[in-house]
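Here is a short briefing for a reader new to this structure.

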Amino acid sequence: MLTAIKPKKRVVAAYLAIPTILFIFSVFVPLITAFVNSFFEWKSGPNKTFNGLTNYITLLHDSTFWLSFKHNLFLVAVCIVGQIGIAFVLVLMINSKLVKLKGIHRTFGFFPSTIAAVSIGFIWKMIYDYNRGLLNWFLDKIGRADLQQVWLNNENLVMLLVAIPLVWQWIGYYMVILLSAISSIDTEILEVSELDGANAVQRAIYIVLPLIKNTLLVCITLCIAGNMKAFDNIYVMTSGGPGKASMVMAMYGYDVSFNQGNLGYGSTISIGIFVMSLLVIGGSKWLIGRLTKSKDA
């Protein structure tokens, strides 16, 4: 019997080895390479000059990096509320007894998350276009042409405008995750609470939310990780403009590395993005843990 088990373990190990090697090669090797390069002054080309912690000292005093970090935090806040919050509300609506054709709603809700981020950027750039954009056309049709503007040139609104496509694209993704979590809740619990007089809002807050707390934590972690490295659609829509009003960390790293040709400092920015992402994710987990403990107490 033992001899039969050992070959099975070897087969399982062999199958697991391939994705493990690919994961290490695609994640850890670039990370280690960027960490090593961050200690060099490397203006493209074959020549590197070791400069110790100079790049990291420069990063600590780099106002553009910290402005970009603030923009990423704004995206995280908007997307946690917009993506996960709206997804939660839509899931509750889809699970309602009054809604028919639930499968169609789930399919169409998930569809935007299958579209490439670059395509999403082009779609929403056309919506915001001053001359042919849907938004200005709609304002003209309702008699509010005075509100028309070059939307993506508005420094005060541009971060919100680039966050809206991110919210729209990923609502369906979190809907699928939350649907699977809510589907695992025993329907008798909800039925008993309904008989006790709890309305839909009370059931959502006091029953559904506590029961899917761990799934929500996973969704928040994914949301933070995704928006701390946001790049594609923002690059297509604004390229970080006007000025630096929509510059995010990944775009700043790209600009320094490839447009300015400073690969050493660009690697330092990449490590900075990694560290700040870990700090934000860890801080959010700690904060959520404190809040849940205080509620339980």
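**Salt bridge**

Arg144 and Asp146 form a salt bridge, with their closest N and O atoms 3.1 Å apart. The count for this predicted model comes to one salt bridge.

- Arg144 is partly exposed, because its relative accessibility is 37%.
- Asp146 has a relative accessibility of 55%, so this residue counts as exposed. The cut-off for exposed is over 50%.

**Helix α3**

- Helix α3 covers residues 63-94, which makes 32 residues.
- At 1.5 Å a residue, α3 should span 46 Å. The C-alpha atoms at its ends are 45 Å apart, so the two values agree.
- Asp62 caps the N-terminal end of α3. A side-chain oxygen of Asp62 lies 3.0 Å from the backbone nitrogen of Thr64.

**Aromatic pairs**

- How many aromatic pairs are there? The count comes to 14 aromatic pairs.
- One of them joins Phe40 and Phe50, with ring centres 5.6 Å apart. Their planes stand at 80 degrees, so this pair is edge-to-face. The cut-off for edge-to-face is over 60 degrees.
- Phe40 lies in strand β1 (residues 40-41), and Phe50 lies in strand β2 (residues 49-50). The pair therefore ties together parts that are ten residues apart in sequence.
- Phe50 is exposed, because its relative accessible area is 57%.
- Phe231 and Tyr235 also form an aromatic pair, and this one is stacked. Their ring centres are 5.3 Å apart, with 15 degrees between the planes.
- Tyr235 counts as partly exposed, because its relative accessibility is 33%.
- Which residues do ring pairs link into a cluster? They are Phe231, Tyr235, Tyr254 and Phe258.

**Charge over rings**

- The charged end of Lys48 sits over the ring of Phe40, at 5.8 Å from the ring centre.
- Lys48 also lies over the face of Trp42, where the distance to the ring centre is 4.4 Å.

- Most residues other than glycine have a negative phi, and most peptide bonds are trans.
- Ser239 has a positive phi, near 55 degrees, and is not a glycine.
- Ser239 is found in the loop between α11 and α12.
- Is Ser239 buried or partly exposed? Ser239 is partly exposed, because its relative accessibility is 45%.
- Gly241 and Pro242 are joined by a cis peptide bond, with omega about -5 degrees.
- Pro242 is placed in the loop between α11 (232-237) and α12 (249-259).

- Ser119 is in helix α5, which covers residues 117-127.
- Ser119 has a relative accessible area of 34%, so this residue is partly exposed.
- What distance separates the C-alpha atoms of Ser119 and Asp232? The separation is 9.2 Å, while the two residues are 113 residues apart along the chain.

Technical notes. Residues numbered from 1 in each chain as written. Predicted model: local features only at pLDDT ≥ 70, side-chain atom pairs only at ≥ 80, totals over all residues. Heavy atoms only, no water. Helix = DSSP H or I, 4+ residues; strand = E, 2+ residues; numbered from the N terminus. Buried < 20%, exposed > 50% of the residue type's maximum accessible area, 1.4 Å probe, protein only. Salt bridge = Lys/Arg side-chain N within 4 Å of Asp/Glu carboxyl O. Expected span 1.5 Å × (residues − 1). Polar contact = N/O pair within 3.5 Å; in protein donor to acceptor, adjacent residues only side chain to side chain. Phe/Tyr/Trp six-rings, centres within 6.5 Å; stacked < 30°, edge-to-face > 60°. Lys NZ or Arg CZ within 6 Å of the ring centre and 35° of its normal.
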